[in-house]
Amino acid sequence: MNSIQELFKKKDKNLLSIYFTCGYPNLEDTTKVIAALAQSGVDFIEVGLPYSDPLADGPTIQKSSHEALENGINLDIIFEQLKTIKETNNTPLVAMGYLNQLLKYGEDKFCKALVACGIDTVILPDLPMVEFENHYKQLFEKYGLTNVFLITPHTSEERIRKIDSYSKAFIYVVASASITGAKGEISNSQIGYFERIKAMNLQSKLIIGFGISDKKTFTTACNYAHGAIIGSAFIKDLGTNGVDNIDNFIAPIIR
Amino acid sequence: MKSKFHPDKNGYFGQFGGAFIPELLHPNVQELADNYIQIIESEEFQIEYKALLKEYVGRPTPLYLAKRLSEKHGAYIYLKREDLCHTGAHKINNTVGQILIAQKLGKTKIIAETGAGQHGVATATVCALMGLECTVFMGEKDIVRQAPNVTRMKMLGAKVVPAISGSKTLKDATNEAIRYWIQHPETFYLIGSVVGPAPHPDMVARLQAIISEEMKWQLKEKTGKENPDTIIACVGGGSNAAGAFYHYLDDEDVELIAVEAAGLGVHSGESAATSQLGQVGIIHGSKTILMQDEYGQIVEPYSISAGLDYPGVGPLHAFLYESGRAKFMSATDQEALDAAFELTKIEGIIPALETAHALAVLDKITFKKDQVVVINLSGRGDKDLEIYTQYLEA
């Protein structure tokens, strides 16, 4: 069974996921960040694979990706880093990157490396459904991997139903028409959209992301979904306060 | 007639193309994919588009036999004078067409990316013409090196937003345009080249195809034959080349030469010769040939010419390259500058730096006697005067 599905069996509400960028703020911080997040009680962790041209990301994650690449991070180093914590880490990891990274690294080599690191779930925001159906569904199945689809306020009901049928980990509910980055508040129209999705009674678990930044937005999101993801706000804090401060960021959100 | 150079239903030219876009853009791209062919082929669109091309753009553009250039190379060298289009380059063929498509789809806010500024100016121009709101993303580095076009865009009422990420050039301007589009899905992304997610590459190629459509009857009048022996065009994303090649793609006896920018030399580490330096990858929503490292990180290109300073190439061109239908050559900064000054001196035409790359390969080709060659003179050099001034003073 997929590791996120297993997690949902134990806990299916108020799940907190944190996105971080590998190799940021320092090259060697990848494993330290994961350990600290796990220690703080984060339910699952999105492992960001830094990319030079991240189209779905806002300025904060762009900057962290750029700095990580400047630090010398690459997929080989990331997979080595992740392998070293495989035995000690019990918090599920989800890899998030862009399709060109998988394509250039080698589709099979990339999938094998994820499996070797104990990762079975992947988010590729620029992988469209038609390409998934034509090719990647089969590739991922071959390695026991699961792909997470994103839905947005503009995704049609028909398409959401289809995505629901393909989803084995969760559906990533993009909170607004946006790239990543904190917006501060959750508006009434966003709540209307969350309610609409919730009322569809999908078989998949729902995790809300993009624009979730603190206790307040996290709690609101959790009223309409099984959990939520914080990315940019965490990266900003990590950049300012460093790895040692991670618990101080997480604790007020979940306690 | 169905050509193998037309995309399939998923927007693929061979293995290249597709629409690799975040989910938020799916409805926009799907709406365009569902409607663009029907709109372009409608009588209503054709009447409006052709009228604007004639009365506003100034088409047909001349096909000029460059006598002294021909004498020098021992061939018949014709220049397709896209530089004489309103706003100074072929770019407006596309913007006139896309603005009509945007209107038919009920869009009122237009965004665009620009490198040299020619597409930005052409977009700002048609937005002024139609009274639509226009935002143009331009790399910070390009804003400096193509300053006259920034002023033109502002005069035309466009908002120019600097792209400050990455190399601060065309690639980054395109990233910023796409990110803005994601956040403002009500806008129409008026893309400037045969790049981006399907159906944009095919749509832009169809709108630039007027270039080769005119070449056919103009050559027939002048030479008695519709087909030249060779067509030469510069390629950044590849829109002027797509237009100049379009109606000749299936005529395999017409040699097609695409010229990329070699910067300081193809293997100098400062180049934009994508076909020579790239591998299959995804950029700006399209699978194509792309300059990248072993981990798929996109490499920053370099060219003196802002319009060719791009690490990818449109998917149609990637297919023309892979299939061998087009021959890819390159010209360095210096070769392009030399060619620009030569054309100016012997024909009295100051070409754009981009176009000068196409001219620069003439010296690298041995022509047969009586060979008929068409060079797509894609733009004029007014915007490049600062660089030309430096060359004169050097």
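In this predicted model, the loop between α9 (188-198) and β8 (206-209) of chain A contains N201(A). This residue is not a glycine, yet its phi is positive, at about 50°. Is N201(A) buried or exposed? With 7 C-beta neighbours inside 10 Å, N201(A) counts as exposed, because a residue with 12 or fewer such neighbours is classed in that way.

K168(B) is placed in the loop between β7 (159-163) and α8 of chain B.

P60(B) belongs to the loop between α2 (43-57) and β3 (63-65) of chain B, whereas P199(B) lies in the loop between β8 (188-189) and α9 of chain B.

The report now turns to the domains of chain B. The domain assignment gives domain 1 (21-53 + 91-204) and domain 2 (60-88 + 210-393). The C-alpha centres of domain 1 of chain B and domain 2 of chain B are 22 Å apart. To their contact, domain 1 of chain B contributes 33 residues and domain 2 of chain B contributes 30 residues. On the side of domain 1 of chain B that touches domain 2 of chain B, at least two residues each come from several helices of chain B, among them α4 (91-104), α5 (118-130) and α8 (170-183). The residues of this side comprise 14 nonpolar, 15 polar and 4 charged.

Chain B also touches chain A. Which numbers of residues do chain B and chain A bring to the contact? Chain B brings 24 residues and chain A brings 29 residues. Within chain B, α8 and β11 (279-283) each supply at least two residues of the side that touches chain A. The largest share of that side, 5 residues, belongs to α8(B). By class, the side of chain B that touches chain A holds 12 nonpolar, 9 polar and 3 charged residues.

Terms used
Residues are numbered from 1 along each chain as its sequence is written. Chains are lettered from A and ligands numbered from 1 in the order in which they are written. This is a predicted model: local features need pLDDT of at least 70, side-chain atom pairs count only at pLDDT 80 or more; totals for chains, interfaces and linings use all residues. Domain bounds come from an automatic or database domain assignment. Two residues are in contact if their C-beta atoms, placed from the backbone, lie within 7 Å. Helices (H or I, at least four residues) and strands (E, at least two) are DSSP runs, numbered from the N terminus. Ala, Val, Leu, Ile, Met, Phe, Trp, Tyr, Cys and Pro count as nonpolar, Asp, Glu, Lys and Arg as charged, and the others, Gly among them, as polar. A residue is buried if 20 or more other C-beta atoms lie within 10 Å of its own, exposed if 12 or fewer, and partly exposed in between; C-beta atoms are placed from the backbone.
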